[in-house]
Amino acid sequence: MNLTLHVWRQKGPADEGRMVQYEVKDVSEHASFLEMLDVLNQQLIGRGEEPVAFEHDCREGICGSCGFMINGDAHGPMPGTTVCQLHMRHFKDGDVLHIEPWRSRAFPVLKDLVVDRGAFDRIIQAGGFISVATGEAPEANLIPVPKPVADRAMDAAQCIGCGACVAQCPNGAASLFTSAKVSHLNLLPQGQPERFDRALSMVEAMDREGFGYCSNHAECEAVCPKEISIDFIARMNRDYLKAKAQRGMKTPLQT
Amino acid sequence: MSWFSALYRSAVGKKAVMAVTGIILFGFIVLHLIGNLKLYEPGLYKAPGETGPGVRYINAYGLFLRHVGEPALPAYGALWIFRIVLLVAVILHIWAAWQLTLMSRAARPRAYASRPKIHTTYASRTLRWGGVIILLFVIYHLLDFTAGTVNPGFVEGDVYRNVVASFSRWYVSLFYILAQMALGLHLYHGLWSLFQSLGWNHPRFNHWRSGFAHAFAWIITIGNVSFPLAVLTGLVHK
């Protein structure tokens, strides 16, 4: 099939950037979207032009490296998939595709379709961990976890941190990502000692990064490649509000 | 108050304030509808021991609102307490919405060339402008039935007459009906959204949240739209 692409080209963080039109011919329907871009890049290299920069790693839909907007859809039109696992059979000959990077103040564009998602790392650094002594791995069955709780925690832990939720959100909020990371640990017994501190520090880190706020549109849930539920956002809000209420009523243990 | 300002500083806190003030305003809207239904009550109300023909039920209800709590409270006392609570709720609701809107604008300084697709409801997308329409409506509504400045031949205390006088003009009725539809959409998203904002979710009752929002959005809209329609069709007349 033959496609017309409008791709965001930006030389570097300081460049203004613009949409550039490309024609890609004889695309195999078995190719993935990234393989289609590989074909485009080969053409560009052949012509002595700069290839389109995009992030990718595993191409199995589990690493969270790839992702961009295709005609206003994060990771393209298919639900529950990353762009590396999106195949060209879902498109047809003559399609015109607009390809843009995630747009968010917190995700500055580095080059073409590559954005800096360091903001997510800083949210994780604020509380997306449990404090335990390092050393040998503990006996797995030492702390029993009820099956439904383990399942629920795994649903949240599926988040690969790709940033599609932020990209699709009309408010540019990072609530789905942050809530998945908060809930994953806050559900498990190992996460309980720091549960409320975690909710406080991760929510406040999210605000500091300049993300928007959640107005419960559920656009994030619709495009999340791991189909993470906005139920986790309600959980995060609950833990955050509880933490705030506790701080208001009690003298904190440490200052 | 320091805990409140600390809470309010965060986006989650602002949304919690919007949810709580929203609940207060929703409670008012329900009571307002119940009160207005007195418009349909036939016959005249006579206070115990009162001689004479009596008054329309809705007028009696209006009188009750002005004197409820007497003699423990002065006349209009309870009414003013109620009004102040509502005013504070409205101000906080709008103030938080305004700040959150600015926050949302700032979060995406460069717009997408190809507009992001909408996967979810229309109601959630009309929340902000719907809110503005509702605010303009409320201002007109207060001038119409409380201050009486835009009501032709306003008679304080004769609620029934004022309602008929106002809604007899088709364009006023049309404006009321459109505003109520905006309110319906606003309520539908708001009533569902507040559960999320306050973290009230549980697999066992999650599916009730949408039903609750739908039911009350429809009840309020149909109820409120019925009043101008009743006047226009002559069901309620002088």
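Strand 1 (residues 3-9) of chain A runs parallel to strand 5 (residues 96-100) of chain A, and four bridges join them. I noted that strands pair if DSSP finds at least two bridges between them. Strands (E, at least two residues) and helices (H or I, at least four) are DSSP runs numbered from the N terminus. Thr4(A) has Val96(A) as its bridge partner in strand 5 of chain A.

I then looked up strand 3 (residues 69-70) of chain A, which is joined to strand 5 of chain A by two bridges and runs antiparallel to that strand. Here Met69(A) has Glu100(A) as its bridge partner.

Notes on the record: residues are numbered from 1 along each chain as its sequence is written, while chains are lettered from A and ligands numbered from 1 in the order in which they are written. Because the model is predicted, local features need pLDDT of at least 70 and side-chain atom pairs count only at pLDDT 80 or more, whereas totals for chains, interfaces and linings use all residues.

Next I looked up the domains of chain A, whose bounds come from an automatic or database domain assignment. Domain 1 covers 3-110 and domain 2 covers 118-249 of chain A. Their centres, taken over C-alpha atoms, are 29 Å apart. Domain 1 of chain A gives 18 residues to the contact and domain 2 of chain A gives 16 residues. Residues are in contact if their C-beta atoms, placed from the backbone, lie within 7 Å. Ala, Val, Leu, Ile, Met, Phe, Trp, Tyr, Cys and Pro count as nonpolar, Asp, Glu, Lys and Arg as charged, and the others, Gly among them, as polar.

I turned to chain B, which has nine helices and two strands. From the N terminus on, I read its elements as α-α-β-β-α-α-α-α-α-α-α. The C-alpha atoms of chain B fill a box of roughly 70 × 45 × 40 Å along the principal axes.

Last, I looked up the contact between the chains, which takes 38 residues from chain A and 34 residues from chain B. The elements of chain B that give two or more residues are helix 1 (2-9), helix 2 (11-36), helix 4 (77-107) and helix 8 (170-197). Helix 2 of chain B gives the largest share, six residues. This side of chain B divides into 16 nonpolar, 12 polar and six charged residues.

Definitions and conventions: Two residues are in contact if their C-beta atoms, placed from the backbone, lie within 7 Å.
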